[in-house]
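Please read them with the structure open.

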Amino acid sequence: MKVLVLHSDIPPDAPPEDQDTLVAAKAVAQALISRGHQAWLAPFFPTRLRSFLNREKADVVFNLVEGIDGKGCLAHLAPRLLEQIGVPYTGTGPDALIVTSDKPRSKRLLRDIGLPTPDWSEPPSWDDLTAGRWIVKCADEDASLGLDDDAVVEADTVQVRAQACAARYGGRWFAERYVEGREFNITVLERGGAPHVLPMAEMLFESWPAARPRIVGYDAKWDDASIHSRSTVRRFGLEHREPQLARELRFLCEESWDLFQCRGAARVDFRVATDGQPVILEINPNPGIAPDAGIVAAALEAGLSYADLIDGLVREAIR
Ligand SMILES: Nc1ncnc2c1ncn2[C@@H]1O[C@H](COP(=O)(O)OP(=O)(O)OP(=O)(O)O)[C@@H](O)[C@H]1O
Ligand SMILES: [Mg+2]
């Protein structure tokens with residue numbers, strides 16, 4: 001098949017989380033070629049997409065558009081246009097991307113159907129900002145933007161932190177109840193139209209100073225040399241060690257997949273509080289798919305090679 005790997009337009013001075021898209025795009029194209037497809041890369045320019053596709057005649061688009069101008073909340077424009085143009089594409093559709101790129105909005109939907117997610121508080125009213133620890137995070141960007149050791153604060157500091165982050169990074173900032181406990185990042189893959197939960201990854205915080213909040217912050221994700229990155233270690237095997245917890249997490253993954261009408265692949269991020277109760281932090285449809293990404297690690301753990309994973313996503317897109 002002729003597969004166009006469509007990616008966000010990434011300037012050379014873009015931050016590492018954006019450069020990661022290009023790493024992924026090259027690896028995806030190579031994997032497709034290794035499976036006998038024709039594959040080539042192109043950046044996404046909304047106004048030129050239709051004429052470009054008319055010329056290039058792709059059978060299917062591998063969608064790696066994570067935003068426009070570094071703004072993740074605009075990622076839905078690519079699948080919206082691809083749908084209008086009528087070309088099949090990999091991954092989740094525009095509506096699900098709009099909802100999931102707005103964290104408070106997706107949390108409201110989770111709550112509405114009784115799925116567990118931590119309490120939260122939003123500007124301008126900051127209702128329900130009761131005593132205790134909160135994490136201040138961006139409502140409409142991902143990649144742990146702005147999440148460092150100072151992101152976890154007491155209630156009386158939330159608004160100051162939110163204002164400082166908005167001034168520095170732009171966007172809307174809100175507060176979520178900080179959940180002390182364990183962290184899981186769980187990949188769901190579409191197979192034959194149905195969600196299939198891959199081996200569950202726990203992120204361990206190794207040799208972590210007691211005073212440092214146990215979060216997978218920006219440095220842990222994007223600065224490989226940092227102590228935060230070296231001390232966060234992925235571990236599999238929950239299904240054998242703790243089958244009951246694994247069953248609960250699988251159920252929550254499948255419910256979230258259905259709620260947000262995901263397609264292709266998604267990663268659901270969880271905390272499991274010290275009382276053993278899992279809560280959903282967020283759903284990432286179209287999660288990062290560079291060779292070092294969490295979903296690739298989960299696929300490998302399930303016995304799927306990188307090329308199997310990529311080829312499988314194309315097959316689901318044209319099914
Ligand atoms: N309520 C919370 N309690 C404890 N830790 C949290 C909470 N919210 C976020 N974190 C920590 O911050 C990390 C990033 O948060 P979250 O997944 O909500 O944001 P993101 O920036 O969209 O991440 P991603 O890169 O996965 O898209 C989590 O993996 C977790 O370690
Ligand atoms: Mg996350």
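1. V28, A31, L32 and S34 of α1 meet Y306, A307 and I310 of α12; a contact means that the C-beta atoms, placed from the backbone, lie within 7 Å. By class, this contact of α1 with α12 has six nonpolar residues, one polar and no charged. Ala, Val, Leu, Ile, Met, Phe, Trp, Tyr, Cys and Pro count as nonpolar, Asp, Glu, Lys and Arg as charged, and the others, Gly among them, as polar.

2. A word on the source. This is a predicted model, in which local features need pLDDT of at least 70 and side-chain atom pairs count only at pLDDT 80 or more, while totals for chains, interfaces and linings use all residues. Residues are numbered from 1 along each chain as its sequence is written, and chains are lettered from A and ligands numbered from 1 in the order in which they are written.

3. Helix α1 covers residues 16-34 and helix α12 residues 306-317; they pack at about 90°, with 9 Å between their axes. Axes are lines fitted to C-alpha atoms, for helices over the stretch in contact, and angles run from 0 to 180 degrees between N-to-C directions. The two helices, α1 and α12, are therefore roughly perpendicular, a label for angles of 65 to 115 degrees. Helices (H or I, at least four residues) and strands (E, at least two) are DSSP runs, numbered from the N terminus.

4. The domain assignment gives domain 1 (2-90), domain 2 (99-116 + 180-317) and domain 3 (120-177); such bounds come from an automatic or database assignment. Between the C-alpha centres of domain 1 and domain 3 there are 32 Å.

5. An open, antiparallel sheet has four strands in the order β4-β7-β5-β6. Strands pair if DSSP finds at least two bridges between them. Strands β5 (residues 133-138) and β7 (residues 173-177) run antiparallel and are joined by five bridges, with W134 partnered by R177 in β7. Helix α6 (residues 158-169) packs on the sheet and touches β5, β6 and β7; its direction makes about 20° with that of β5.

6. Which residues are closest to ligand 1? They are D142, E176, V179, I215 and V216, in a shell of 20 residues, counted as near if the C-beta atom, placed from the backbone, lies within 6 Å. The shell around ligand 1 has ten nonpolar, two polar and eight charged residues. β13 gives the largest share, three residues. Domain 2 and domain 3 each supply at least three residues to this shell.

Conventions:
Contact = placed C-beta atoms within 7 Å. Parallel < 35°, antiparallel > 145°, perpendicular 65-115°, else oblique.
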